[in-house]
Amino acid sequence: MDIGIDKIGFYAPHLYVDMNKLAVSREVEPEKFTIGIGQEKMAVAPITQDTVTLAANAALDILTEADKEKIDFVIFGTETGVDHSKSAGVYIHHLLGMNPWARTVEVKQACYGATAAIQMAKGHIALNPSSKVLVLGADIARYGLKTSGEATQGAGAIAMVISAEPKIMKLEEHSAYLTADVMDFWRPVYSEMALVDGKLSNEQYISFFSKIWGKYKEKSGLALQDFEAICYHLPYTKMGYKALKTVLDETAEETQERLLSNYKISTQYSRNIGNIYTGSLYLALLSLLEQKEDLAAGSRIGLFSYGSGAVGEFFTGILQPNYRNYLNTRQHTELFSARTEVSVSEYEQIFAETLPKDGTSIELDTDQDPAKICLAGMKDHMRQYIHKTK
Ligand code: COA
């Protein structure tokens with residue numbers, strides 16, 4: 001039985017800041033951000049969007065009533081959880097009106113969370129072939145104003161339906177994964193901002209890729225020429241390129257050119273969104289699938305997932321016949337073009353707006369947010385969500 005990605009949805013907040021303007025404001029050369037880091041625009045989440053609403057908005061347009069009936073497992077990968085106890089997935093389960101006879105959990109391992117969710121989903125479908133699983137990956141990357149990580153922030157969500165006989169990509173059997181205790185990036189429970197050793201995280205990402213790719217080759221017997229493209233977790237678009245570069249001399253020039261050209265296409269969405277942590281790898285996949293019009297069915301795509309701390313995995317999928325018919329390309333193009341630019345000072349104001357931490361109630365103005373699902377406030381220590389079209 002084939003198991004894999006049946007549907008894939010994406011959502012990002014409607015605001016962004018231009019990286020050229022951010023660079024000028026931070027007194028660095030714009031090319032550092034646009035070439036050195038590889039980012040053009042950075043999605044900015046208004047206070048009315050959190051990981052619950054981002055993920056719910058990403059899932060909203062891909063789920064049919066039939067999917068909701070079949071989905072009996074909702075797995076939410078995030079490192080921007082809104083509660084220490086309650087899974088963010090449960091809010092989404094309610095907001096989307098899903099089948100109550102379902103399991104719902106949140107999983108965490110930095111940017112690796114959605115990959116863990118996919119692997120759990122794969123096991124669940126293997127045991128329950130007629131079920132479907134909703135996998136969500138949503139995050140708001142916050143390093144802080146005027147920090148070196150600032151240029152690698154972002155916000156957004158990916159939603160995927162994992163099922164038997166998937167319409168987009170079947171997952172292959174072989175996979176290689178690695179865990180090591182590394183303090184390259186973490187966020188203590190008392191902190192709104194991530195702490196990061198940027199240089200160490202770059203080194204660890206590449207070292208994980210190198211070790212895992214070696215193990216994967218051993219397990220699968222495959223080599224670079226067997227891949228049409230490799231998608232990477234993209235904390236910023238230059239990062240995956242740095243990792244890819246380390247293995248290119250294993251293969252002939254023709255394969256090198258193909259992988260480099262497809263890598264570039266896979267970074268197009270992230271370049272305009274920024275880091276969405278758990279969803280980043282899948283945003284790269286989506287960018288490749290939606291933006292490379294002649295990507296043939298039957299192509300093998302490699303996926304490298306890295307979650308600081310650290311866990312990494314390399315796994316693969318095969319594109320299914322007519323997979324393009326099941327993508328929401330037009331909707332995603334509209335999402336990008338309908339966004340509004342904010343100035344650096346507006347972005348700084350939005351960044352500074354946070355929910356009260358002392359239990360005070362607050363009502364938020366959701367009229368300014370075009371998203372269908374928004375955070376409307378806090379009352380009695382409880383988040384208040386609204387679904388405008390319900
Ligand atoms: N034109 C072109 N490139 C330029 C440039 C210019 N004018 N000025 C600088 N650069 C290049 C640098 O050479 C460097 O390239 P390299 O990495 O290929 O050597 C790149 O821009 C970044 O410059 P650097 O000085 O290393 O930036 P930084 O110290 O501000 O930090 C990060 C960059 C990515 C480490 C930092 O943003 C960060 O910590 N991000 C969060 C952690 C993260 O994303 N980790 C990734 C693994 S999960």
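Me: When does a charge sit over a ring, and how far is R103 from the ring centre of F73?
Reply: A charge sits over a ring if NZ of Lys or CZ of Arg is within 6 Å of the ring centre and within 35 degrees of the ring normal. In this predicted model, R103 lies over the face of F73. The distance from R103 to the ring centre is 5.8 Å.

Me: Which ring does K219 lie over?
Reply: K219 is 4.8 Å from the ring centre in question. The ring whose face K219 covers is that of Y177.

Me: Are the ring planes of F208 and Y306 stacked or edge-to-face?
Reply: The ring centres of F208 and Y306 are 5.3 Å apart. Planes over 60 degrees apart count as edge-to-face. The planes of F208 and Y306 stand at 75°, so the pair is edge-to-face.

Me: How many residues apart are F208 and Y306?
Reply: F208 is in helix α7 (residues 198-220), while Y306 is in strand β12 (residues 300-307). The pair therefore links distant parts of the chain, its members being separated by 98 residues.

Me: Is F208 buried or exposed?
Reply: Buried means under 20% relative accessible area. F208 has a relative accessible area of 1%, so F208 is buried.

Me: Which strand pairs with β2 in the parallel sense?
Reply: The open sheet of three strands has mixed pairing and the order β3-β2-β14. Its edge strands are β3 (41-44) and β14 (340-341), each pairing on one side only. Y16 stands opposite E341. Over two bridges, the parallel partner of β2 (residues 15-18) is β14.

Conventions: Residues numbered from 1 in each chain as written. Predicted model: local features only at pLDDT ≥ 70, side-chain atom pairs only at ≥ 80, totals over all residues. Heavy atoms only, no water. Pairing = 2+ DSSP bridges. Helix = DSSP H or I, 4+ residues; strand = E, 2+ residues; numbered from the N terminus. Phe/Tyr/Trp six-rings, centres within 6.5 Å; stacked < 30°, edge-to-face > 60°. Buried < 20%, exposed > 50% of the residue type's maximum accessible area, 1.4 Å probe, protein only.
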